[in-house]
Amino acid sequence: MKKQIVTFVIDKNLDIKNHLIGLDSYKRKLHSKTISKNEYYETLLKLPFKKRKEIIRKNIERFYSPEKNKFTRTLAKDINKEWGKIEARYFYKLEKIHGHPFPYHAVKATLSSANRFGYDVEGKWFAVSMMQNKFISIDIAMHELMHFMFHKYYWKMCERKGLSWKQIWDIKESFTVLLNTGFANLRFQSDNGYPEHKQIRLAITKSWNKYHNFEKALSSAIQCTH
Ligand SMILES: [Zn+2]
């Protein structure tokens, strides 16, 4: 049997990193969901990096007690099993849409105690939910893995076209709208995206339905950001 590419794990250090990614996107005000003031984040941001990490570690300690570990490991095992049933079909579609192979052989998905889910392409990991059911985590995984493709094959292309980091971030985030067309039978929920990306997502969908060509859809998305 072919080895699974994505493995769902319990990893406290990756969870802490995911909390830090959440804090960073709050600081950068990356999307409207983070615009409302979060007192916990505001307090953390006033502290030096090392101290922030310490506080997060302490705050999430309760999710990693030996007793809780029994539950969370069972959940990770369950997600691995369900994911294993669809992984090959998922990557087949993902590669077809992008016209490129998925570039990694092993990626970790950490079950995070945060309510937001980051990723680290270089570190080859992303976060899913420790608090929600296994099907939601599978939906999240499809979303995050799509970002890996964008970073590998299209981020630099956008830079060469003169787009700013934030413009590229918005486009990358908008492309997950394609999960609603080609992947609907593998998912439990639709990928809703962020309200501020409505126009870009619409442009991507329109272009995709017409040409079924990622680069053409990218051009339409780029036009939308100008
Ligand atoms: Zn995303």
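**View 1. The whole chain, a predicted model.** This is a predicted model, in which local features need pLDDT of at least 70 and side-chain atom pairs count only at pLDDT 80 or more, while totals for chains, interfaces and linings use all residues. Residues are numbered from 1 along each chain as its sequence is written. The chain has ten helices and four strands, where helices (H or I, at least four residues) and strands (E, at least two) are DSSP runs numbered from the N terminus. The radius of gyration of the chain is 18 Å, close to the 17 Å that the globule rule gives for 226 residues, so the chain is as compact as a globular protein of that length; the radius is taken over C-alpha atoms, and the rule is 2.2 Å times the number of residues to the power 0.38.

**View 2. The open sheet.** Four strands form an open sheet with mixed pairing, in the order β1-β2-β4-β3, and two strands count as paired if DSSP finds at least two bridges between them. The edge strands, each pairing on one side only, are β1 (6-9) and β3 (119-120). Strands β2 (residues 107-112) and β4 (residues 125-129) run parallel and are joined by five bridges.

**View 3. Helices against the sheet.** Helix α1 (residues 12-27) lies across β2, β3 and β4 and runs at about 75 degrees to β2. Helix α4 also packs on the sheet, where α4 touches β1 and β2, and its direction makes about 165 degrees with that of β1. Axes are lines fitted to C-alpha atoms, for helices over the stretch in contact, and angles run from 0 to 180 degrees between N-to-C directions.

**View 4. Where the two domains meet.** An automatic or database domain assignment divides the chain into domain 1 (1-153) and domain 2 (154-226). In domain 1, 20 residues are in contact with 19 residues of domain 2, contact meaning that C-beta atoms, placed from the backbone, lie within 7 Å. On the side of domain 1 that touches domain 2, α5 gives the most, with nine residues.

**View 5. Helix α7 and its cover.** Ile168, Asp170, Ile171, Glu173 and Ser174 are buried in helix α7 (residues 165-174), where buried means that 20 or more other C-beta atoms lie within 10 Å of a residue's own. The cover over these buried residues includes α6 (155-160), α9 (198-211) and α10 (214-225).

Key:
Buried ≥ 20, exposed ≤ 12 C-beta atoms within 10 Å, placed from the backbone. Contact = placed C-beta atoms within 7 Å.
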